[in-house]
Amino acid sequence: MTNHQSSTASIITLFLQWLDRNVLDLGRQMRISYLPPLMVYLAAGVAGLTGIVGTFFVKESLGLSAEFLAALGFWAMLPWAFKMPMGHLVDLLWRYKAGLVYLGAALIATSLLIMIKLLGDIEYMRHLWPVENWFVLSALLAPIGYVIQDIVADAMTVEAVRRFDDEGRPLPEPQILAAHTTMQTLGRVAIIGGSLLVAGVNVLFFRGVEAMGAAEKAAVYLSIYRWALWIPVISVLGVALSSYLRSQQEWRLAAQGFEFEDIERIIATGAHEAPVVNWPLLGGGLGFALFAAVMGLGGFSNSEEIVFIGSLAIVLFLMWRLTMDLESKTRNQLYGTAFVIFAFRAVPTTGAGETWWMIDDLGFDQQFISKLSLISSALTLVGMFVFRRFMAERPITYIIAALTIALTLLYLPNIALYYGLHHWTAALTGGVVDARFIALVDTALESPLGQIAMIPMLAWIAHSAPKQLKATYFAVMAAFVNLALSLSQLLTKWLNQGFEITREVRDAASGQIVTPADYSELGWLLIVVMGLNLMMPVAAIVFAKRTLLKEQP
C-alpha cells in the first residue's frame, strides 16, 4: 500500500470513527419514550412552513411599518414569558396534559384558518374587520398555542428520561445527565428537522415563481397555509402516542409482578407527586396577563417597555425563590449561565427592512429565500452533530464567546452587499459571484452556529429539575432566556425608530404610491446591529466571569 493510499485509509477511518461517535451514537441512544415530545417539537419546527408566505403577504398586501412589525414581534414573544404560571398549571394538571396539547392545537389551527380566509377571500374579511387587525390576531394566537404545547413538551422530556432500570433500581447520575443531553439534542434535531422539511416543501411550491402572476402566487400562498393545518395534527398525535406508551409500560410492569406504587415510582409520573397549588404564582400570572392585555389594547405609550420590565422583574423573583435551596456555588453557576445566554439571545436584528431590501434591490424571490432557508436548516442540523462534542466538553461561556466572534465576522457580507460588493465581484468573475452567490455562502457558513448555545443550557435545566416541579422549573428558567427575545424585539423597534426603513406601499384601489421605498439608512442600521451583536455577549461574559462565575481561590 502506498503512502497516499495509507493516508486516504486513515482519513476514512477517522471520519467513520467521528461519524460513529457523533451521529450513529446519538441514534443508538434514541429511546421510544423520547418520541412523543419529539413529535411536539417537530410540529414547532414545521411551523416555519408559512414564514416566507407571511413575509410576502405583509409586503404585498399590508401597509405595516418595520417599527410596527418589530413591536408586533415583541407581543408575539410575550406569551413565552408566561411559561411560569402556565408551567405550574401543567404540573397541577399533568394527568390531563393531552387536553392542554389539544387546546394549543386549536389555537394554532384558528390562527392558520384566519390566514387562509385572508388569502382566499380578503374582501369578505375586510368587510368584517380591518385586514391588519385580522393579521395581528393571527400573529398573536399562534404563539399562545405553541407556548402551551412547548411547556408540555419540555416537561415530557424530563419524564421521557428513565431514572430507574427495568428492575426498579436507580440509574447512576452521570447516565441520567447523558440521557438528558441526548434528549435535548434530539429535541433540537426535531425542531431543525421540521424546519428543513418545510424549507424543502417551500422550494417545491415556489418553483417558477418568477413567471407567476399575482393570482397564481396567491393560489400557492393559500395552498401552503392549507398544508400547514397538519402542524397541530402532528402535536396531537405525539401526545396520543405518549398515552399509549405509558399504558403499555404499565401493563408490562404489572405483568412482571410490580405493585401499583412501584409502577408509579418507576415511571415517575404518579399523581402523588403533584405539587401544592401555588396560588400567588397562578394569581400573579393571571393578573400580569390581564395587565399586559390592558396595556397592549389600551394604546398606552411605552406599553412594550413597561410590560417587559414587569415581566423581567417577576421572572427574576421566581428564579430567586425557585433556586433558594440550591448550594451557593450551584446557584451562582446557574445565574451566570442564564445571564450570558440572555445577553447572547437579546441582541437586536435589523427587522423586516433588510428582507424588504433584499427582495426589492437584490431581487431575492420566494424560491430563492426558500433555498436559503433550506440550506440554513440542513447545515444547522449538520452543525449540531459536528459540534456535539464541542458543546459537551466546553463551558457555555466559551461556546458563547466563540459563537459571538464567528457570527460577527459572518455579518460582514450583509454590510458589504448593501454597499455594492456583489457588483464588483460579479464583474470580476463573469457574473458567478453575484449577490445570490454571496448570500448562499454566507448562509452556509453561519447556519450551523444558530442552535448550538441552547443545548447545554436545556440539558442543565432538565437535569436539575425536581420531578414534582419539572414543568414549573423548566418554565421559569426557559421564560428568563426567552424574555431575551422580547428584549431583542424591543431593541429592534428602537433601532427602527432611529433608522427609518420603508418599502413601497401602493393604495389597493387606485394603485398609487402611498409610501415610497427608502433604504438609505439601512447601511448604518446594519453596522450598528453588528456592533451590538458583538458587544452585548462579550460584556456579559466579562461581567459573569468576574462575579457569578468567578472561581473561588
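A search of the whole structure finds 10 aromatic pairs. The structure is a predicted model. Its largest pocket has a volume of about 1200 Å³. Its largest nonpolar core has 80 residues.

**Aromatic pairs**

- A pair of aromatic rings is described by the distance of the centres and the angle of the planes.
- F74 and W75 form an edge-to-face pair, because their ring centres are 5.3 Å apart and their planes stand at 80 degrees. The cut-off for edge-to-face is over 60 degrees.
- Both F74 and W75 are buried.
- F206 and Y221 also pair edge-to-face, because their planes meet at 70 degrees, with ring centres 6.2 Å apart.
- F206 sits in the loop between α9 (173–205) and α10 (214–227), while Y221 belongs to helix α10, so this pair ties together parts 15 residues apart in sequence.
- F206 has a relative accessible area of 1% and is buried. Y221, at 4% relative accessibility, counts as buried too. The cut-off for buried is under 20%.
- W357, Y418 and Y419 make up one aromatic cluster.

**Nonpolar cores**

- In soluble globular proteins, nonpolar side chains tend to be buried together.
- Within the largest nonpolar core, the residues with the most contacts are F57, L118, F135, F206, W357 and F364.
- Helix α8 gives the most to this core, supplying 12 residues.
- Another core, of 41 residues, lies apart from the largest one. Among its members are W75, L281, F344 and F480.
- F364 touches F56, M358, I359, I369, A435, R436 and A439, leaving aside residues up to four places away in sequence.

**Largest pocket**

- The lining of the largest pocket comprises 42 residues. Nearest the pocket centre lie W75, L140, I144, A292 and A293.
- By type, the lining divides into 30 nonpolar, eight polar and four charged residues.
- Helices that each supply at least two lining residues are α4 (66–77), α5 (83–92), α6 (97–120), α8 (131–160), α13 (279–297), α14 (303–322) and α23 (470–498).
- Helix α13 gives the most to the lining, with 10 residues.

- F206 pairs with Y221 and is among the residues with the most contacts inside the largest nonpolar core.
- W357 is part of the aromatic cluster with Y418 and Y419, and W357 is also among the residues with the most contacts in the largest core.

Definitions and conventions
Residues are numbered from 1 along each chain as its sequence is written. Side-chain values use heavy atoms; hydrogens and water are left out. On a 1 Å grid over the protein atoms alone, a cavity is a set of points where a 1.4 Å probe fits but cannot get out, and a pocket is an open set with protein on both sides within 12 Å along at least five of seven lines; lining residues have an atom within 4 Å of a point. Grid points are joined across faces, edges and corners, and a volume is the space filled by probe spheres set on the points. Helices (H or I, at least four residues) and strands (E, at least two) are DSSP runs, numbered from the N terminus. Ala, Val, Leu, Ile, Met, Phe, Trp, Tyr, Cys and Pro count as nonpolar, Asp, Glu, Lys and Arg as charged, and the others, Gly among them, as polar. A nonpolar core is a set of buried Ala, Val, Leu, Ile, Met, Phe, Trp, Tyr and Cys residues joined through side-chain atoms within 4.5 Å. Buried means under 20% relative accessible area, exposed over 50%, partly exposed in between (1.4 Å probe, protein chains only). Contact means heavy atoms within 4.5 Å. Rings of Phe, Tyr and Trp (its six-membered ring) pair if their centres lie within 6.5 Å; planes under 30 degrees apart count as stacked, over 60 as edge-to-face and the rest as tilted.
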